[in-house]
Structure formats: structure tokens, C-alpha cells
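Work through the exercises below with the sequence and the 3D structure at hand. Try each task before reading its solution.

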Amino acid sequence: MIEWNSSKPQLEFEVKVGHMRVVVRGTNQDEAISNARTQLCREMPRMWDVIHGLDTSRFDVTCRSEN
């Protein structure tokens, strides 16, 4: 069985960009931003090019929990 990031704890992050807010899981801020991009693209597929074109500094990332 393959386990990705099994040694790193999964954290819960709140990621805001503009007026949108999503809660995602990840091991660090960079992974949280990547997961937020994916989730935002699923929710707003017509904005895919805009979401993927955003600089990472536009994302406000807050860690919500340790587990």
C-alpha cells in the first residue's frame, strides 16, 4: 500500500482569496494553496484561468487546527 505524506501530519487550513473562502487539508501552506486552487476550480470552473494565474501572495492562509 502506498501512503503519501504518511510521516507529516495533515493540518486544516482556511484559505481566502478575494471574497471566496475554502477550508482544505494539507501538510504546509504551499500544499494548502494548491489544494485551495483545485477546490476553487471545481466550484467555479469558468474562473480556472484566473485562479491558476493568481500569485501565491494573493492567498490568505490561516492554520485552523493541528489535527
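**Exercise 1.** Which residues does Val61 touch, not counting residues up to four places away in sequence?

*Solution.* This is a predicted model, in which local features need pLDDT of at least 70 and side-chain atom pairs count only at pLDDT 80 or more, while totals for chains, interfaces and linings use all residues. Residues are numbered from 1 along each chain as its sequence is written, and side-chain values use heavy atoms, with hydrogens and water left out. Contact means heavy atoms within 4.5 Å. With residues up to four places away set aside, Val61 touches Phe13, Glu14, Val15, Gln29, Ala32 and Ile33.

**Exercise 2.** List the secondary structure elements and describe the sheet.

*Solution.* 
- Step 1. Helices (H or I, at least four residues) and strands (E, at least two) are DSSP runs, numbered from the N terminus. The protein has two helices and three strands, and along the sequence they follow the pattern β-β-α-α-β.
- Step 2. Two strands pair if DSSP finds at least two bridges between them. The three strands form an open sheet in the order β2-β1-β3, with antiparallel pairing.
- Step 3. β2 (20–26) and β3 (60–65) stand at the edges with a single partner strand each, so one side of each has no neighbour in the sheet.
- Step 4. Strand β1 (residues 11–17) pairs with β2 over seven bridges. Val15 has Val22 in β2 as its bridge partner.

**Exercise 3.** Describe the largest nonpolar core.

*Solution.* A nonpolar core is a set of buried Ala, Val, Leu, Ile, Met, Phe, Trp, Tyr and Cys residues joined through side-chain atoms within 4.5 Å. The largest one has 15 residues, and Phe13, Val15, Val24, Phe59 and Val61 have the most contacts inside it. Two or more residues come from each of β1, β2 and α1. The largest share, five residues, is from α1.

How values were computed:
Buried means under 20% relative accessible area, exposed over 50%, partly exposed in between (1.4 Å probe, protein chains only).
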